[in-house]
Amino acid sequence: MLKTALKPRWILSLILALAIAALFVLLSQWQFSRSQDSAPPPPSTTEQVQPLTKVFQPGIPMTAGVADQMVRMEGRFLPDTRVLVQTRLQGDRDGLWVVSAFEVADSGLPSAVLPVVHGWVPDAQAASEVPEREGAAVVQGRLLPTEAPAVQVPVPGQVPTLSVAQLINVWDVPLMYSGFVVSFETVMDGGTVQPEAPLEAVTIGPQPQETPLNWLNIFYAVEWFVFAGFAFFLWWRLVADDHRRTLEEEEDQDIASDQHSPQQLQPTTDEVRT
């Protein structure tokens, strides 16, 4: 078996099997690394208020390291931009979020707009009693990623999700941040604006610190590792088959040699008598 395995073609085949197995192991490690989602930033980081323009820029996707960050921003609320976001829970009550467009100052780009959640109301009738905020303001709150758009029968003044891709068309603005801020504190005209009934403040805490596992990626990682082992098994199987054929050929040659060898002469009766 060893003599067969040391043939040049099987040595080259072993090198190829090693290369393929190494590739499969790398793919397995990559799948293992993808199986564990990135843990959210610790509260010690996210709860420290940072200037929005320092941690996030308009027109780029929000990463996990930026989401959930407490931010502070200066700018102005744009007039006639208030919308209501449907299906928002406040405890166990279903209602709406009151949202308006905030033009961020010193964003580095003109007219960079970010949606701001002012609070929660139980229905559209209650929202009509809330005065719309306009003009210069300083907002402090939690930065969250944009939601996915949803297809739904349109309701005037309402949107099914807080989707930047949808609001950029509703507000007809050239540029938006890929996220929104839930306002914890809004300062206008030198004073803090507190939510008044029927508007209620929306409180969103930091994300849980658990790091979930993606079992599908773990399955793929194990699968690639099995493929790496199969590469060696296939090489060993081919070498074993070649060794078996070699033994069979040698056995056939020995049989053929025995059949064609001259027969030993048998002594005649006269020779025996003599």
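Arg142 counts as buried, at 2% relative accessibility, in a model that is predicted. Its salt-bridge partner is Asp68, with 3.6 Å between the closest N and O atoms. Asp68 is buried too, with a relative accessible area of 2%.

**Salt bridges between strands and loops**

- The structure holds 11 salt bridges, among them the pair of Arg142 and Asp68.
- Side chains of opposite charge can pair when their charged atoms come close.
- Arg142 and Asp68 link distant parts of the chain, 74 residues apart. Arg142 is in strand β6 (residues 135-145), and Asp68 is in the loop between α4 (52-55) and β2 (70-77).
- Another salt bridge joins the side chains of Arg88 and Glu147, at 2.8 Å from N to O.
- Because Arg88 lies in strand β3 and Glu147 in the loop between β6 and β7, this pair ties together parts that are 59 residues apart in sequence.
- Arg88 counts as buried at 11% relative accessibility, which is under the 20% limit. Glu147 has a relative accessible area of 24% and is therefore partly exposed.

**Asp242 and its surroundings**

- Asp242 is located in helix α7. Its relative accessible area is 5%, so Asp242 is classed as buried.
- A salt bridge connects Asp242 with Lys7, whose closest N and O atoms are 3.3 Å apart.
- The two residues of this bridge are 235 residues apart and link distant parts of the chain: Lys7 is in the loop between α1 (2-5) and α2 (8-34), while Asp242 is in helix α7.
- Lys7 is partly exposed, with a relative accessible area of 28%.
- The bridge between Lys7 and Asp242 belongs to a network of salt bridges that links Lys7, Arg9, Asp242 and Arg245.
- The side chain of Asp242 also makes a polar contact with the side chain of Trp10, at 2.7 Å.
- Leaving aside residues up to four places away in sequence, Asp242 touches Thr4, Lys7, Arg9 and Trp10.

**Helix α6**

- Helix α6 spans residues 164-171, and its buried residues are Val164, Leu167 and Trp171.
- Viewed down the axis of α6, these buried residues fall within an arc of 60 degrees, so they line one face of the helix.
- The cover over the buried residues of α6 includes strands β3 (83-90), β4 (93-104) and β5 (112-121). It also includes β7 (158-159), β8 (175-176) and β9 (179-188).
- Asp172 follows α6 and has a positive phi, near 55 degrees.

**Nonpolar surface patch**

- Met1, Phe230, Phe233, Leu234, Trp236 and Leu238 form a nonpolar patch on the surface. Together these residues have about 590 Å² of accessible area.
- Trp236, one of the patch residues, is in helix α7, which covers residues 215-259.
- At 43% relative accessibility, Trp236 counts as partly exposed.
- Helix α7 thus holds both Trp236 and Asp242; Trp236 is partly exposed, whereas Asp242 is buried.

Conventions:
Residues numbered from 1 in each chain as written. Predicted model: local features only at pLDDT ≥ 70, side-chain atom pairs only at ≥ 80, totals over all residues. Heavy atoms only, no water. Buried < 20%, exposed > 50% of the residue type's maximum accessible area, 1.4 Å probe, protein only. Helix = DSSP H or I, 4+ residues; strand = E, 2+ residues; numbered from the N terminus. Arc of directions from axis to C-beta. Contact = heavy atoms within 4.5 Å. Patch = residues over 30% accessible without salt bridge, like charges linked within 9 Å, V, L, I, M, F, W, Y side chains within 5 Å. Areas by Shrake-Rupley, 256 points an atom, 1.4 Å probe, with all protein chains shown as cover. Salt bridge = Lys/Arg side-chain N within 4 Å of Asp/Glu carboxyl O. Polar contact = N/O pair within 3.5 Å; in protein donor to acceptor, adjacent residues only side chain to side chain.
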